[in-house]
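Dear colleague,

I am handing over the structure below, and my notes on it follow. Please read them with the coordinates open beside you.

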Amino acid sequence: MTDPIIQARQVEKFYAQSRDARIQVIAPTDLAIYPGEIVALLGPSGSGKSTLLRMLSGLSRPSGGAVLWHGQDVASTQPNVSIVFQSFALFPWLTVLENVEAPLKARGMEVMDRHRRSLKILDTVGLDGFEAAYPRELSGGMRQRVGFARALVVEPEVLFMDEPFSALDVLTADNLRGELLELWQKKTIPTKAIFLVTHNIDEAVFLADRIIVLGRNPGHVRTDFRVALAQPRDRKDSAFTALVDYIYKVLTQPDVVPAEMPVIAGGRRIRDQRQMRYEMLPHARPGGIAALLELIIDFGGRTDIYRLADELSFEIDDLFPIVEAAQLLGFAKIEEGDAAITPEGRAYAESEILRQKELFRQAAVDHVLLLRQITRALANKSDHSVPEEFFLDMLDEQFSDDECRRQLETAISWGRYAELFDWDDSRRRFVLAEHEHEEIQDRAPEPAK
Amino acid sequence: MRPRFTLSRQLAVERTWPFFIDLSVAAALLAGFYAILWIAKFWFSAAIPEIEIHLAPSHLPLYAFYSIVRIFVAYALSLAFAIAYGYTAAYNKRLEALLIATLDILQSIPVLSFLPGVMLAMISLFPSRQLGIEMGAILLIFTGEVWNMAFSFYTSLKSIPRELMEACEIGRFSRLQRLFQLELPFAAIGLIWNSIVSVANGWFFLMVCEMFPVGSRNYRLPGLGSYLQTAASEGDFRAVTWGLVAMVLIIVVTDQLLWRPLIAWSDKFKFETVESEERVTSSVLHALRNSRVVATIERRTFRPMSEWFYNSLAERKRKHPPQAPRTESRRGVTAIYIAVGLVALAGILFAASDAVRMLRDIHRSEFFTLLAGAGLTFLRVNAALLFASLWTIPVGVAIGFQPRLSHILQPIAQIAASFPATALFPLILLALARIGVSLGIGSVVLMLLAAQWYILFNVIAGAQAIPSELKEIATLFRFSNVQRWTTVILPGIFPFLITGLITASGGAWNASIVAEYFQLRGHTLMTLGLGAQISAASDHANYAVLLAGTMIMALMVVTINRLVWRPLYHLAETKYRLD
Ligand SMILES: Nc1ncnc2c1ncn2[C@@H]1O[C@H](COP(=O)(O)OP(=O)(O)OP(=O)(O)O)[C@@H](O)[C@H]1O
Ligand SMILES: [Mg+2]
């Protein structure tokens with residue numbers, strides 16, 4: 001086998017939280033990227049895909065371990081890489097041509113040389129005639145073409161892409177994907193390897209020669225396998241769909257592939273995030289959960305999730321959090337890539353609104369520790385109000401600051417819907433929604449009369 | 001896609017323009033060259049014992065020219081300082097909190113009470129007295145201009161999207177390249193708007209610091225400010241009028257020749273990726289862009305030079321591969337930081353203890369008068385804010401709600417706001433004296449003049465930010481007028497109003513130093529107040545009282561900011577946000 005271009009040895013990343021507590025985002029990981037392959041990195045949101053990409057490209061230094069480029073530490077070499085960003089990251093005040101020229105200019109290349117090279121690459125990505133336009137005058141797809149041109153113009157050895165197609169509409173993304181694949185296969189570009197971070201299983205299977213799935217808390221490699229399908233790939237092909245289904249299963253069943261976890265490293269405490277007390281709340285709205293359950297019932301109580309997403313022309317990763325939420329609340333079960341409704345879920349979906357809230361309330365308190373804690377704290381305090389810091393402090397043992405906030409936001413949205421408590425935004429406090437509570441219980445039996 | 005420039009009816013006009021414009025550009029270059037010669041000759045001349053200010057209008061152009069130079073030298077210094085300061089604060093994690101806190105406090109300190117101290121220091125620092133006074137004035141104007149720009153640059157740097165920074169890093173931009181390619185363009189719009197405010201502030205202070213007495217000596221610089229002051233103290237109405245006309249001219253010309261083209265040009269630095277419909281246009285910019293001379297100069301000199309400059313930035317980076325031995329130099333840097341910090345601390349402690357020792361000279365009764373003055377000035381400042389709000393809120397809302405009205409009035413208001421209130425003081429005091437209003441009340445009017453614009457502009461912005469759906473709902477449900485104001489308009493403009501009031505209150509405090517103590521027609525008008533006490537103390541070279549007064553004022557401003565404005569601002573940010 002040929003030598004790898006990039007080799008990551010036991011790389012890990014953590015962020016300091018306080019003096020001796022820190023959040024491990026990536027567990028020590030070995031990884032190698034070989035010439036001639038497109039590697040796709042899949043994983044749930046927050047599993048550290050972008051973090052890993054940044055370390056491999058030399059943008060950020062690993063907290064432990066080493067990233068080697070052709071056997072040399074990435075910090076001491078200057079690897080020739082490019083990144084295509086989800087947000088395009090173009091300079092709005094530069095024209096298309098100037099944007100593409102910028103990295104060449106930074107390297108001190110002659111005016112005429114860099115002109116010629118930039119024009120050529122613009123031609124390659126189908127942007128000739130747009131040199132003098134400004135990014136804001138272009139559509140999203142065109143902007144990302146500029147992003148590609150800017151990345152390719154330096155003839156990078158490895159091209160990194162962080163969800164490059166997810167800000168584009170479906171058709172545009174499809175087009176661009178196809179064109180990229182063509183450039184790669186015809187060797188129009190001298191790039192030796194492509195590393196693609198994505199949320200989109202379908203995209204990964206369509207493009208990649210190798211797929212790596214990350215698990216989260218902390219990020220670790222769950223599986224790493226070759227895609228043996230011949231190019232060009234047909235999405236309707238049964239082998240294709242089977243692979244998509246398989247990956248989906250891997251992603252939805254976090255416990256199938258166990259990962260080794262370090263408990264002590266360098267004498268410092270590292271939290272094993274898998275023993276965490278709080279379950280990660282998927283960021284889904286209660287209304288979305290109800291709608292999903294109704295759909296599953298319409299499909300006969302059990303359906304393939306991938307097909308469901310397709311049917312709804314939903315992106316699969318938009319559907320993910322909703323499915324996870326339904327599963328967490330005990331309203332649905334995930335079995336082999338199928339979502340099946342539970343009796344509780346059926347009762348919930350088929351009740352009228354007040355009863356729904358009651359069922360949701362029960363499920364939430366039964367299954368979600370954070371909500372249970374909030375309700376209990378509110379009931380026990382004399383003034384029935386608790387500041388958010390109280391819970392932030394507990395959550396930040398496990399989550400990053402941003403994630404803590406998101407967790408609380410989701411908890412607030414669920415709790416409000418279930419009328420477990422109310423939220424006073426100006427004082428940033430949880431308050432007990434006692435009033436409404438009683439009313440509902442008084443009123444609930446009424447329709448039965 | 002829309003073409004960048006529409007070639008339409010303007011084509012005919014364009015053809016005739018370049019020649020005319022080329023001439024003007026050439027003339028401007030020549031004039032600039034001449035001006036530099038003149039300034040140098042004046043600055044480095046031997047000490048001029050006491051400058052006489054001539055009130056004949058024929059002297060005005062020269063005076064105006066001197067003042068303009070002062071303003072823009074101070075501005076250039078502030079810009080450089082603001083960029084360095086903002087950059088350091090944004091990227092140096094160790095110093096960030098310290099620098100931002102310093103900025104916050106420096107912003108609240110009344111600049112004008114430093115006038116005598118700074119002047120005396122500068123005069124003793126420079127052997128040529130003229131240069132010393134000149135430097136002192138420029139330094140004071142600088143302190144009036146710099147803080148908001150530094151703050152603006154800092155916030156811009158902090159809000160640069162992470163991906164753009166990474167794009168620079170992966171594209172191997174050196175730090176300086178990144179500054180020119182990303183950071184300055186990203187911050188440009190904020191810097192330009194703040195420059196307008198800063199230059200207006202600069203004129204405000206210039207009016208005062210071109211001529212002032214310290215002890216028995218009278219320091220004077222030839223300029224528009226000293227012209228107006230002399231005219232006022234001699235009661236020469238004609239000269240005052242001429243001076244004001246010159247001021248208006250300068251402001252209109254600056255607006256048309258500098259600010260509007262800059263704003264129009266900075267449109268390309270807008271970061272939002274959608275096209276916005278409202279644009280500032282500038283025929284001057286348009287002409288410059290189509291001028292053949294400018295284009296040639298750009299192509300022949302500017303572009304190759306920037307190319308060369310940029311390249312040199314790139315090469316230096318390459319010679320030093322990144323991340324050489326790091327830990328040792330880090331340790332060295334830390335040591336240097338600590339050493340510098342200790343020296344600075346020692347200096348500060350020494351100076352502070354000296355200052356406190358000076359405070360012991362103050363008599364107890366003097367101290368109580370200072371406190372009483374502080375109370376009175378506090379009342380005046382708030383009265384001024386109240387009256388300013390009373391007229392600016394309805395007017396601002398009216399302008400903000402009607403795009404057509406705002407289209408006409410906003411540029412006018414902008415020019416009016418750039419007019420330094422201090423230039424109008426003499427006229428207004430004379431008028432007030434005629435109808436028999438004392439300075440105690442008159443100073444409120446003066447403070448109002450200095451503070452009202454901040455509120456007006458913020459209210460306009462707030463009214464424009466109220467979503468039209470909310471207004472439509474008010475109409476749909478037939479809200480009464482009172483209801484419309486209390487449920488839609490006032491909550492909607494509240495955050496903006498608070499921002500305006502914070503700035504206005506700072507302006508009013510600063511104005512109190514000039515407003516409560518004024519030399520008019522040969523005698524001194526004054527009323528009891530902290531501002532007057534500060535002015536009088538500097539007038540009589542009573543440094544102990546000056547220091548005490550300044551400290552009290554700074555303390556009051558900072559305390560009010562912390563205890564009143566900040567909580568209100570927080571409330572506005574959380575409860576009354578409209579998004
Ligand atoms: N500077 C930081 N400090 C603390 N935590 C951080 C920091 N940067 C990232 N994280 C955390 O690291 C985790 C992984 O982040 P990362 O952006 O790599 O995830 P991702 O897999 O790319 O997610 P997404 O799919 O949403 O892009 C997240 O939980 C995030 O909150
Ligand atoms: Mg990511």
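Predicted model: local features only at pLDDT ≥ 70, side-chain atom pairs only at ≥ 80, totals over all residues.

Residues are numbered from 1 along each chain as its sequence is written, chains are lettered from A and ligands numbered from 1 in the order in which they are written, and side-chain values use heavy atoms, with hydrogens and water left out.

I begin with the four-stranded sheet. In chain A, four strands form an open sheet with antiparallel pairing, in the order E2-E1-E4-E5. Its edges are strand E2 (22-33) and strand E5 (72-73) of chain A, each of which pairs on one side only. Strand E4 (residues 64-69) of chain A is joined to E5(A) by two bridges in the antiparallel sense, and A:Trp69 has A:Gln72 in E5(A) as its bridge partner. Helix H1 (residues 49-56) of chain A packs on this sheet, touching strand E1 (6-16), E2 and E4 of chain A, where contact means heavy atoms within 4.5 Å. The direction of H1(A) makes about 125 degrees with that of E1(A); axes are lines fitted to C-alpha atoms, for helices over the stretch in contact, and angles run from 0 to 180 degrees between N-to-C directions.

In total 13 residues surround ligand 1, the closest being A:Ser45, A:Lys49, A:Ser50, A:Thr51 and A:Ser400, with a residue counted as near if one of its heavy atoms lies within 4 Å. This shell divides into three nonpolar, eight polar and two charged residues (Ala, Val, Leu, Ile, Met, Phe, Trp, Tyr, Cys and Pro count as nonpolar, Asp, Glu, Lys and Arg as charged, and the others, Gly among them, as polar). A polar side-chain atom of A:Lys49 lies 2.8 Å from an oxygen atom of ligand 1, and a polar backbone atom of A:Gly48 is 3.0 Å from a ligand oxygen atom. For A:Thr51, an N or O atom in the side chain is 2.4 Å from an oxygen atom of ligand 1.

The other sheet is open and has three strands of chain A, in the order E16-E18-E17 with antiparallel pairing. Strand E16 (385-387) and strand E17 (421-424) of chain A stand at its edges with a single partner strand each, so one side of each is left without a neighbour in the sheet. E16(A) pairs with strand E18 (residues 429-432) of chain A over three bridges, with A:Val386 opposite A:Phe430 and A:Pro387 opposite A:Arg429. E17(A) and E18(A) are joined by four bridges, and their hairpin has four residues between the strands, with A:Arg428 taking a positive phi near 50 degrees.

Technical notes: Pairing = 2+ DSSP bridges. Polar contact = N/O pair within 3.5 Å; in protein donor to acceptor, adjacent residues only side chain to side chain.
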